[in-house]
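This report describes one chain and then the interface that it forms with its partner. Please read it alongside the sequence and the coordinates.

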Amino acid sequence: MLKKITSILSRTSCKSVSEFLMDYIEGRLEPKTADRFDAHINSCANCKRYLDQYRETVSLVKEIPGPPVPAELEERTCQFINDALGIDLDRKS
Amino acid sequence: MRVESGRVYRCIGRMIRDTDEIQNLTQETFLQAIQNIESFRGESKISTWLCSIAINLARAHLRKSKRYDVLEESEIEQLLPTFGILGQGQQVYTDWDPERYTERNERIDMVHAALDKLPADYRAVIALRDLEELNTEEVAEILNISEGAVRVRLHRARQALRVLLDQKLAK
């Protein structure tokens, strides 16, 4: 009985997978721990789906393009500072 | 200045979408930098220091802005997975339907809408780590938190985003 309980407790759980998912994806886990994660994910359809969706979330976020920088940004910023501080900021500096 | 102003603009633009506000906050960033130049000790790169000012201004702007329907920290907690006594997951996840996000523009709008719901601190870590692709050390320096805290916050932000996207994409 005690053996069975110890065996259950030593398995990688869905909770561990969730907590260390980022380390797992980035390959930061110890090889033995990563193997246990692999084993759990291969046998737990729910965790596998969660892992896939987590990866998909990151990849969807990374698809967002950066805002186009307006051509007149530097000039406007210099003008703003000049007006605020009463100085003549050299744009090239 | 050209390179740095572009970088600052992009950094703020990862948090805020109104172009006038991005421009205003970029100008304010440089003004604050000049006014506080004696606090820059050269321990970090000038770009990191400017980005730190910019992100702080963007976070403050988001916190006082009424334009975004942002989730509270306690609501973020509720989006995180829960587990039984033996660590077994208590949620059942359903597959996502790829048909629901075939159009790129629709996909980007959907992700923007989900990001808009994240509290400013979570949005900042996603902006710097996942969008600007800075490393954890740089993000920690910009946000003035530990590298461990960056990783925890990023993971929670991604988990919360997954749920928000799931509401749109689940079959």
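## Burial and overall form of chain B

Chain B has 171 residues, of which 55% count as buried, and this value, like those that follow, comes from a predicted model. The accessible surface of chain B amounts to about 8800 Å², with carbon and sulfur atoms accounting for 45% of that area.

The secondary structure of chain B consists of eight helices and zero strands, so that, in DSSP terms, the order along the sequence reads α-α-α-α-α-α-α-α. Taken along the principal axes, the C-alpha atoms of the chain occupy a box of roughly 55 × 40 × 25 Å. When contacts in chain B between residues at least 6 apart in sequence are considered, 68% of them link residues that are at least 24 apart.

## Extent of the interface with chain A

Between the two chains, 51 residues of chain B touch 43 residues of chain A, and the area buried between them is about 4300 Å², to which carbon and sulfur atoms contribute 65%.

## Polar and charged contacts

The interface of chain B and chain A holds six salt bridges by the rule applied, and in one salt bridge the side chains of A:Glu63 and B:Arg104 come together at 3.7 Å, N to O. Between chain B and chain A, 22 residue pairs are in polar contact, with both residues at pLDDT 80 or more.

On the side of chain B that touches chain A, the elements giving two or more residues are α1 (2-13), α2 (19-35), α5 (104-116), α6 (120-131) and α8 (147-169) of chain B, and α8(B) gives the most, with 10 residues. By residue class, this side of chain B comprises 22 nonpolar, 15 polar and 14 charged residues.

Definitions and conventions:
Residues are numbered from 1 along each chain as its sequence is written. Chains are lettered from A and ligands numbered from 1 in the order in which they are written. This is a predicted model: local features need pLDDT of at least 70, side-chain atom pairs count only at pLDDT 80 or more; totals for chains, interfaces and linings use all residues. Side-chain values use heavy atoms; hydrogens and water are left out. Contact means heavy atoms within 4.5 Å. Buried area is the accessible area (1.4 Å probe) that two parts lose on being put together, summed over both. A salt bridge is a side-chain nitrogen of Lys or Arg within 4 Å of a carboxyl oxygen of Asp or Glu. A polar contact is a pair of N or O atoms within 3.5 Å; within protein, one must be able to donate a hydrogen and the other to accept it, and residues adjacent in sequence count only if both atoms are side-chain atoms. Helices (H or I, at least four residues) and strands (E, at least two) are DSSP runs, numbered from the N terminus. Ala, Val, Leu, Ile, Met, Phe, Trp, Tyr, Cys and Pro count as nonpolar, Asp, Glu, Lys and Arg as charged, and the others, Gly among them, as polar. Buried means under 20% relative accessible area, exposed over 50%, partly exposed in between (1.4 Å probe, protein chains only). Accessible areas come from the Shrake-Rupley method with a 1.4 Å probe; for residues, only the protein chains shown count as cover.
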